[in-house]
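Here are a few exercises to work through with the model open beside you. Try each task before you read its solution.

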Amino acid sequence: MAFFRYFLRGTFYFIALPTLSFTALRFAKAENPEFKNRAEKIPRIAVVGSGIGGSATAHFLRDILGENAQISVFEKADRVGGRLATLDFAGDTFESGGSIIHPRNLYMKKFVEILGMETNSASGGIFSLYDGNNIIFSTSSWSWLTSLKLFWRYGFSLVKMEQATKNLLNKFENIYKLQDNGEIFQSVPELLQAMCKSEEFYRLTQITAREYLSEQGLSELLIDELVTAITRINYGQSTNVNAFTG
């Protein structure tokens with residue numbers, strides 16, 4: 001009986017004290033001007049960086065929250081855009097950052113539409129790879145000859161790269177459906193899990209692009225030359241960037 005009385009007393013304290021504390025907190029919020037002022041304040045959100053990631057984040061936050069939030073974007077440079085920039089050289093203007101809009105990137109396509117921009121076709125002209133000393137590969141004005149030269153140099157690694165890229169893109173596109181459905185995630189790993197229904201995407205954040213492509217059977221020559229050129233141009237990074245980004 002003594003144990004039972006102490007158990008009941010302990011249970012009362014366990015239930016009553018939090019309840020009383022919660023009641024007191026509610027009372028304090030109702031009576032204390034400080035609590036009232038906090039409740040009336042709109043949230044303040046800081047976005048660090050005004051590259052494509054930061055700018056897109058600020059855009060979507062404003063689109064979702066309207067005027068019900070104070071959004072501040074902090075940028076160390078004297079312009080916005082991050083690596084989305086151009087370089088004037090020898091009388092011509094060149095892209096010095098990401099220069100390609102993938103047709104399956106729905107957000108970039110929407111931004112182009114919102115900003116009233118026009119896209120240019122990537123066809124035409126000659127593409128060359130330069131290793132710092134020599135031009136090691138050049139395309140041709142004839143597409144069939146370019147395909148033949150690529151296969152001669154890189155073999156079936158090109159096919160494997162295309163298959164690996166297509167597989168990842170098919171899974172990545174699930175993010176649009178999740179966002180359209182208003183899904184909310186508490187962490188990045190949780191989001192990545194929902195996108196591909198497995199741990200695959202999270203694992204890609206833990207290894208390099210080079211490691212992943214090697215696992216897919218791509219040759220070192222293709223990775224060192226063509227893939228390195230792609231990551232340098234689009235990300236300003238080597239193939240040691242994490243595989244999910246690459």
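Let's start with a term: a contact means heavy atoms within 4.5 Å. The model is a predicted one, where local features need pLDDT of at least 70, side-chain atom pairs count only at pLDDT 80 or more, and totals for chains, interfaces and linings use all residues. Residues are numbered from 1 along each chain as its sequence is written, and side-chain values use heavy atoms, with hydrogens and water left out.

**Exercise 1. Find what Y212 touches, not counting residues up to four places away in sequence.**

Step 1: A nonpolar core is a set of buried Ala, Val, Leu, Ile, Met, Phe, Trp, Tyr and Cys residues joined through side-chain atoms within 4.5 Å. Buried means under 20% relative accessible area, exposed over 50%, and partly exposed in between (1.4 Å probe, protein chains only). The largest nonpolar core has 26 residues, and M161, F201, L204, Y212, L222 and L226 touch the most other members.

Step 2: See which helix leads. Helices (H or I, at least four residues) and strands (E, at least two) are DSSP runs, numbered from the N terminus. The largest share of this core, five residues, comes from α11.

**Exercise 2. Decide whether T146 is buried or exposed.**

Step 1: Locate T146, which sits in helix α5 (residues 143-154).

Step 2: Check the area: at 11% relative accessible area, T146 is buried.

Step 3: List its partners. Skipping residues up to four places away in sequence, T146 touches T139 and S140.

**Exercise 3. Describe the lining of the second largest pocket by class.**

Step 1: On a 1 Å grid over the protein atoms alone, a pocket is an open set of points where a 1.4 Å probe fits, with protein on both sides within 12 Å along at least five of seven lines; lining residues have an atom within 4 Å of a point.

Step 2: Find the main contributor: α11 gives the most to this lining, with six residues. Both β5 (128-130) and α11 (220-235) supply at least two.

Step 3: Sort by class. Ala, Val, Leu, Ile, Met, Phe, Trp, Tyr, Cys and Pro count as nonpolar, Asp, Glu, Lys and Arg as charged, and the others, Gly among them, as polar. The lining has six nonpolar, two polar and four charged residues, including F127, D131 and R232.
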